[in-house]
Amino acid sequence: MHKTYFPVLLFVSLMLLGVSQSGWSQTIPEMRGHPDDISLAGIWHFKLDPLGLGIQQKGVLPDHVYAGTILLPGSTDQAGYGYRTGVMSSLRLTRLFAYKGAAWYAKTVYIPPAWKKKEVSLFLERAHWQTKVWVNGKPAGMRESLSVPQVYDITALMVAGQKNKIRIRVDNSMIYDIGYPHAISEETQTNWNGIIGKIELRASGKVHIGKVQVYPDVKKKQAKVKITIRNHTGQPVKGTLLLKAATINTETPQTVPSKDLSFSGSDSLIMVTTLLPMGEHPALWDEFHPALYHLGIEMAADDLYHDTDSVTFGMREFTTEGTQFLINGRPVFLRSDVNSAESPLTGYPAMDLKQWTHVFQVCKDYGLNAMRFHSWCPPEAAFEAADRLGFYLQVENADWRFNIGKDPATSNFLAADADRILEAYGNHPSFTMLCEGNELVGPKRDSFLTALIHHWQKEDPRHLYTGSSGYPVLPANEYEDLYGPRAQHWKEGLTGRLNREPYHTDFDYAKVVAKYKVPVVSHEVGQWCMYPGFDQISKYTGMLKPFNYALFRESLRRHHMLDEAKRFTMASGKFQVIQKKEELEALLRTPGLGGYELLELQDYPGQGTAPVGVVDIFWDPKPYVTAKEFRAFNASRVLLLSAPSFIFTNDMTFKATAELANYGETEMKNTVVHWSLRYPDGKIYEEGNLPKTRVAVGLRSLGKLSVSLDKVKTATRLILTLTVKGDTLTNHWDIWVYPQSLPELKPAGAFLIAHQWDEQVKNTLHKGGSVLLLGDTTKINSPIPPSFSGISWNTVWSGMPPDLLGILCNPAHPALKYFPTAYYSNWQWWDLVHHSKPLLLNDMPVSLRPIVQMIPDWNKNNKIGLIFEAKVGGGKLLMTSIDLVDQLQQRPVARQMLYSLEKYMNSADFDPKVTVSESQMAQLFKK
C-alpha cells in the first residue's frame, strides 16, 4: 500500500483536530473485471455475533459454529436474520428484521493452480461498513468505508490448487460517531449489515497495472494520464505501456493517436505520468452531448508480465466565473434532485447500471440535470449511468455531525473516506462536485472543513468543492450550497412567502446572490407535500413495509373519509405542482443564481413521512402531473413571467414582463415569442407576438405585455400562454378577472344573513326559513389556523403549520356556479383562505361533506371545511367561515364568492340533504 502525501499545512491543521496521517493511506484499486476473476456470489455460511465473541485467541469461529446460510450479495434483513421489529410507526417505513453488530460470513473457495504465481486480492464492492478478513485461519487485516470498495491482498495467505477458507466479519455498529447521514439512516436505506455489489477474487501478475487517473485539460486539448504500476517482484523491472483512446457514447466516432511509453523501477509502486493529445477538436462531455473516451492500456514488462486495463473519462471542465457555474466555458444552471438513498425494496442502494440509468432518465424526463447525494456516496454504477446520460453529480461524504472536533477518530475516518471517494470515482466526468456532508455543526467545524477543501483542491482539480450543504459559508468554498433563496424556510410556519402575501412574480433573489462571490445553489427547495396515495402500498414487496401509509389510511377510515382518499391525493397533488412551479420559476428568474436542489423529485419515506415527490419512491409517475408538464417550468430553457398580480377586475389592465432562462446548449437567434390570453374553453381573448430577439445563454428579457381586461363581462379564469414560435418551448399562467360591479340580486325568496349562531338564526330555521351564516372568524371555535400553502416537509418534523393541503371542492356544485374554480387550490383562493377560520367538523354527521373542504394533514385526518350546507331545525342553512364581509371593495375574489353563494340561496338548487342538530352547530362557535 502507498500513502497519499499532502501539504504540511494541511497535516498540521488536521493534527490540531486529532486527525492522524495514517488514516489517509488506504489505496482504492480499479473497478475492472477480468475473465479469470472468481465470483464469490452465492451461498455463504453465516453466524450473527451480537456480543462480539467471534474473534478468539487462536483465530476465529470454528466451522461448525456457522450453522446458518446467507445469500450474497445481500443483507441480513433479506435473509431474515436479526430481530423481528414488530413496529408500526408513522414516522418512516418499517424494517421487518433489524440487526446491529458483528456478523460472520464464511465460504470455502478453490483457488486454481495457475494462481500460484499471481497476486490475489479479495474485492468487496460495498460492505456495511467495517470488515475484517481471515484466509485459512490467518488474519488479512481490516478495512472500513461507507463509500468505496474494500479490498484485501490475500496473496500470502491463500494456497493455489487447493480449497481455501475465507471468513469475513462485517460490523455495522456505530464504528464512529458520524451523526445521522443517509449512508446509515433508518429513515431511508437503513443501517443494513452485509455485502453488496461485486464480491470476487482477482488475480494479477507480479507486475501489473494499478490505478489509472485521467485529468482532462479542455483548453490545451490534452489529458494528463497518471498510471500506477504495481511491482511485487522485489526486483527492478522494465516495461512498456501502449495507450489507445477512442470516443464512445457519440454519434461520430473519434480516435486518438496511440502512445507508447516505457517505465522502469524497483519500487513496489512505479508512477508513470504522460500527456495524451486529444486532437484538434476533442469531443466534449456535458448534459447535451455526454461524449466519453475509452482509454485502453496494454503493459508488458521483462518479457514475463502482461496486463491490460481500461478507463472511461470525459473531456470536460466544470468551473465557475463569478456566481455562475460553467461547463466547458458555457454557463450552466443546476437543477438538482436530492437523493437520500431511498431503497424500499432492498434496504440498500442499487448496484447495477440498469437501475441507476432509469433513475437518471426519469430525472432528465422531468427536466433535471443534476443530483445531490445527501450525506452518502453512490456506487460505481451510478457514476457510469450519469456519465452516459450527461448528469452532474454532487457527492457527499457520510457526515451529518453536530459535534465536529470532539472526536478525532471520526474526523480521521471521514477525511480518509473522502480521499478514497476521490480516488475511486474521480475519473467520472459526472462527478463534478464534492461536499463533506450535510448541515454540519461543531466547535472545530470551520477549520476542519477548510483544511479538507484545501487538500482536495491540491490533490484533485477535476471537481468543485464546498464544505457542507446548507451551511456554513466559508472563504474556501468554491460554491455555496445554502439556505436563503427559497419560498419556505425551516420552522418559518405561516410567515413563509406563500402564506404571507398574495401571488405575484415581480421579484427574485438577486439580493441574496449579491452577497456572495461564488455560485449559490439554493438548498433543498420545493418541499411541498401532497396527500399520500394509498395505491402505492402494494408496491412494497421488499425489505421495508409501508406501515406508515397503512396507519394514515386507517386514520382516514376512522374519520369516515376513506372514500375521499383519491380526491385528496389528486387535489393536493395539483396544488403541490402549482407551488413547486412558482418556487422554481422564482429561482430561475434570479440573475446570477447557480442553481437549486429540489427536495425531492421522489417521495421521502422517513422523518415523519414526507410525500414531496411528483414521482413516488419507486420512480413511477404520479397521476396528477406528467413529465412534459413539469418540464415547462423545470428545464434548460424556461419561459418566465414577471407580474405584480394575477387577480384583476375588468376595469384594470394586465401588465407583465416576459423573460427566458436560456441555459441550453447555444444562444437562440431570431426568437419570436407568441403570447395568447385565452378563456378556459380555448377561445382567444387577445394574442400577439413579442419583438424578434436574440436570446443569449443566461436570463434574458423578452419584452412587455399590456392587455386591457375591459372585454371580460363575467368572472373568469384566463390562461396566458407564452410559446416560442417554431419550437415546443411553452409555459402558461392563470389569471383571474372579476367584474368591478356585480348586478343586484332579485330575491326569489327571503333569507336571513347572519354572522353568528344566535336566537334570531335559530328562530328563522325553526320557522322553516333559510339562513346564510357568514361566520364571524373571531367567534369561530376552531384550533385550526388558516393555511393557504400546502404542508412543507411534514408537521411531525416541524411541529407547526402550515398543516393543510389546499381546498377540495366540486366546481359543478351550484353554490360555486358563479365562482370560477377547479377542484383544487389555485392562487385565487389565497384571499379566501387567508381571511378565514377553517371549521373543525369531526363531530358533524358522517354524511356531511363540505362544499369547500380543506384537505387535512394525513397524520390527523380531521374533517375541515370552509363552506357547508345542512338542514337545521326544519330550515335550511348555508354557512361559511370565510370573511365575506370586510373590505369587499378591495377584495374582488371575496365579493364574487359572496355573490355566488347568494345566487345559490336564491335558486331552487338550494336544498341541503344532511341534517345537523342545533347543538352541533353551537359547537362551531365560542361560548
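## Salt bridges

A salt bridge is a side-chain nitrogen of Lys or Arg within 4 Å of a carboxyl oxygen of Asp or Glu. The model examined here is predicted; local features need pLDDT of at least 70, side-chain atom pairs count only at pLDDT 80 or more, and totals for chains, interfaces and linings use all residues. Residues are numbered from 1 along each chain as its sequence is written, and side-chain values use heavy atoms, with hydrogens and water left out.

The whole structure holds 38 salt bridges. One of them joins Lys 581 to Glu 585, with the closest N and O atoms 2.8 Å apart. These two residues sit four residues apart in helix 10 (residues 565–588), so about one helical turn separates Lys 581 and Glu 585. Helices are DSSP runs (H or I, at least four residues), numbered from the N terminus. Lys 581 and Glu 585 are both buried. Elsewhere, shared partners link Arg 372, Glu 396, Glu 524 and Glu 597 into one salt-bridge network.

## Buried and partly exposed pairs

Buried means under 20% relative accessible area, exposed over 50%, and partly exposed in between (1.4 Å probe, protein chains only). Arg 169 and Asp 171 form a salt bridge, their closest N and O atoms lying 3.9 Å apart. Both Arg 169 and Asp 171 are buried.

Asp 563 and Arg 567 also pair up, at 3.6 Å between the closest N and O atoms. Asp 563 is partly exposed, at 48% relative accessible area. Arg 567 is partly exposed too, at 41%.

## Cysteines

The term requires a pair of cysteine sulfur atoms within 2.5 Å. For Cys 435, the nearest cysteine sulfur belongs to Cys 377 and is 12 Å away.

Cys 435 is buried, with a relative accessible area of 0%. Cys 809 is buried as well, at 7%.

## Cavities

A cavity is a set of points, on a 1 Å grid over the protein atoms alone, where a 1.4 Å probe fits but cannot get out. The structure has six cavities of 30 Å³ or more. The largest cavity contains about 100 Å³ of space. Volume here is the space filled by probe spheres set on the points, which are joined across faces, edges and corners.

Lining residues have an atom within 4 Å of a point. The largest cavity has 16 of them, and Gln 488, Lys 491, Ser 792, Ser 798 and Pro 802 lie nearest its centre. The lining divides into five nonpolar, eight polar and three charged residues. Asp, Glu, Lys and Arg count as charged; Ala, Val, Leu, Ile, Met, Phe, Trp, Tyr, Cys and Pro as nonpolar; the others, Gly among them, as polar.

Notes:
On a 1 Å grid over the protein atoms alone, a cavity is a set of points where a 1.4 Å probe fits but cannot get out, and a pocket is an open set with protein on both sides within 12 Å along at least five of seven lines; lining residues have an atom within 4 Å of a point.
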